[in-house]
Amino acid sequence: MTKVLVVDDMPDMAKLLANTVEGQGYEALVASNGREALDITTTQCPDVILLDIMMPGMDGLEVLRRLKTDARTRAIPVILVTAKDLSQDIIAGLDAGAHDYVSKPFESAVLAARLRSAVRAKRAHDTIERLNGELRAELIQRERMEMELAQAQKLEAIGQLAAGIAHEINTPSQYIADNTRFLKEAFDGFNKLLGTFGRLLEASKNMAVTDDLLREVEAAVRRADVDYLIEEIPKAIQQSLEGMDRVVTIVRAMREFSHPGSEQKQATDLNRAIQNTLTVSRNEWKYVADVVTDFDPNLPLVWCLPSDFNRVILNLVVNAAQAIADVVGDSSQRKGTITVRTDSEGDWAKIRIEDTGTGIPEEIRSKVFDHFFTTKDVGKGTGQGLTIAQSIVVEKHGGTITFETEVGKGTAFLIRLPIADPTGPEQGGPLEEAELACGCV
Ligand SMILES: Nc1ncnc2c1ncn2[C@@H]1O[C@H](COP(=O)(O)OP(=O)(O)OP(=O)(O)O)[C@@H](O)[C@H]1O
Ligand SMILES: [Mg+2]
């Protein structure tokens with residue numbers, strides 16, 4: 001039931017007002033002073049307040065000001081009930097947020113009409129509040145769904161890369177295995193040779209070296225192909241060590257790429273993050289492109305979400321590789337180039353990913369960041385890569401992502417990220433140069 005609070009220090013007036021309220025089918029609550037009015041308002045939440053201005057103690061205008069500064073009571077329409085000649089009070093009251101006013105003495109019918117209007121305003125406000133609440137809930141739900149979608153895309157990216165990574169690990173693993181088998185056979189050969197030399201040593205000690213034994217030793221040396229082994233064994237060891245290093249690098253890059261649990265921004269070595277992403281995605285580009293990196297060794301640590309940053313780079317590198325594949329076809333004879341550069345300018349870190357691919361035709365340039373916009377066949381692209389990249393760079397980091405392109409020549413995507421978190425503590429500093437040398441991947 002609609003509740004109307006009547007506030008008046010004169011009992012007769014309060015009664016008259018309450019009668020009018022009840023005459024409209026509303027419930028009347030009555031307060032005889034300002035303090036009581038505030039108490040009843042917070043405990044009983046009336047829909048409308050009829051408020052006398054002139055009261056001893058806290059006057060109506062003060063009550064009104066307090067109601068309007070409290071978020072719980074701000075929306076309740078207040079009708080001031082005031083003596084006719086106090087027009088400056090009416091002006092002050094309306095300026096302070098009163099919904100309406102009624103002059104004393106009043107006509108019941110007029111008061112009732114104004115009351116109904118205030119109740120309608122309150123209902124409209126309540127409806128808007130409810131809709132706002134629903135909209136907010138919907139927004140939260142949508143944000144959650146977008147997060148889940150992003151999470152699914154992240155898993156999909158890792159799943160997509162998994163086959164390539166397995167392949168990348170398999171190649172060195174295979175030659176490590178081949179080399180180890182070769183070393184085993186070489187060791188067996190040396191072992192036999194050592195046995196023959198052992199017998200020669202024994203015979204020498206006993207002064208019993210025969211021509212037969214010497215011939216046997218010569219044959220064993222020939223069989224073992226010692227010159228060949230002495231040349232090849234160090235190479236096999238070296239190659240195996242390099243293979244192991246490669247496997248270790250890939251596994252470390254994989255671990256750092258997915259950054260489990262890093263949902264917080266942290267000071268990040270972007271050069272290293274990019275290098276890791278290029279390592280885990282190698283199988284996506286190596287058949288069509290060479291990757292050249294030109295990293296600024298003095299790039300400060302950048303305050304960002306590392307796994308999100310990695311996804312941006314991955315999406316851009318995969319796009320670059322696909323655009324190059326459209327130019328060079330499947331032939332591994334003619335490769336394009338993906339160039340990744342980093343540097344800084346003032347408070348900004350800049351990453352440029354340049355390809356020698358198709359370029360982006362004029363007519364689709366304004367659409368490439370749109371959700372689900374793709375020019376690729378089903379199974380090759382879903383049109384989410386750049387949307388996600390843009391939302392990560394712009395919304396999550398306050399950065400920018402733009403591109404320059406020329407059809408037939410290629411495209412360069414440029415990302416700018418604020419080095420320091422605008423809301424966080426100061427951080428950053430030059431990186432250790434040793435790890436960040438420029439070069440080919
Ligand atoms: N480096 C590039 N060179 C040429 N065209 C590009 C390049 N990057 C993006 N595009 C164009 O922009 C479109 C949208 O790219 P986006 O990464 O958002 O989606 P996608 O690559 O098609 O699919 P997904 O990334 O979801 O696998 C691409 O389909 C392509 O037409
Ligand atoms: Mg893409």
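**Domains.** I began with the domain assignment of the protein chain, which gives domain 1 as 3–106 and domain 2 as 259–441. I kept in mind that this is a predicted model. Next I looked up how far apart the two parts are: the C-alpha centres of domain 1 and domain 2 lie 63 Å from each other.

**Ligand 1, the surroundings.** Where does ligand 1 sit? I found ligand 1 in the largest pocket. I noted 21 residues around ligand 1, and the closest are Asn319, Thr374, Thr375, Lys376 and Thr382. Then I sorted the shell by residue type: seven are nonpolar, 11 are polar and three are charged. Which helices and strands each supply at least two residues of this shell? My list has helix H10 (306–328), helix H11 (385–396) and strand S12 (410–418).

I went through some oxygen contacts one by one. For Thr375, a side-chain N or O atom is 2.4 Å from an oxygen atom of ligand 1. For Gln384, I wrote down a backbone N or O atom at 2.9 Å from a ligand 1 oxygen. Leu386 also uses a backbone N or O atom, and the distance to an oxygen atom of ligand 1 is 2.8 Å. I then checked the cover: ligand 1 taken alone exposes 600 Å², and the protein buries 92% of that.

**A cis peptide bond.** I turned to the backbone next. Which two residues does a cis peptide bond join? Lys104 and Pro105 are the pair, with omega at about -10°. I placed Pro105 in the loop between strand S5 (100–104) and helix H5 (108–205).

**Positive phi values.** I looked up two residues here. Cys45 is not a glycine, yet its phi is positive, near 45°. I located Cys45 in the loop that runs between helix H2 (34–44) and strand S3 (48–52). Phe372 is another non-glycine residue with a positive phi, near 65°. Where is Phe372 found? I traced Phe372 to the loop between strand S10 (348–355) and H11.

Conventions. Residues are numbered from 1 along each chain as its sequence is written. Chains are lettered from A and ligands numbered from 1 in the order in which they are written. This is a predicted model: local features need pLDDT of at least 70, side-chain atom pairs count only at pLDDT 80 or more; totals for chains, interfaces and linings use all residues. Side-chain values use heavy atoms; hydrogens and water are left out. Domain bounds come from an automatic or database domain assignment. A residue is near a molecule or strand if one of its heavy atoms lies within 4 Å of it. A polar contact is a pair of N or O atoms within 3.5 Å; within protein, one must be able to donate a hydrogen and the other to accept it, and residues adjacent in sequence count only if both atoms are side-chain atoms. Accessible areas come from the Shrake-Rupley method with a 1.4 Å probe; for residues, only the protein chains shown count as cover. On a 1 Å grid over the protein atoms alone, a cavity is a set of points where a 1.4 Å probe fits but cannot get out, and a pocket is an open set with protein on both sides within 12 Å along at least five of seven lines; lining residues have an atom within 4 Å of a point. A molecule sits in a cavity or pocket if more than half of its atoms lie within 2 Å of its grid points. Helices (H or I, at least four residues) and strands (E, at least two) are DSSP runs, numbered from the N terminus. Ala, Val, Leu, Ile, Met, Phe, Trp, Tyr, Cys and Pro count as nonpolar, Asp, Glu, Lys and Arg as charged, and the others, Gly among them, as polar.
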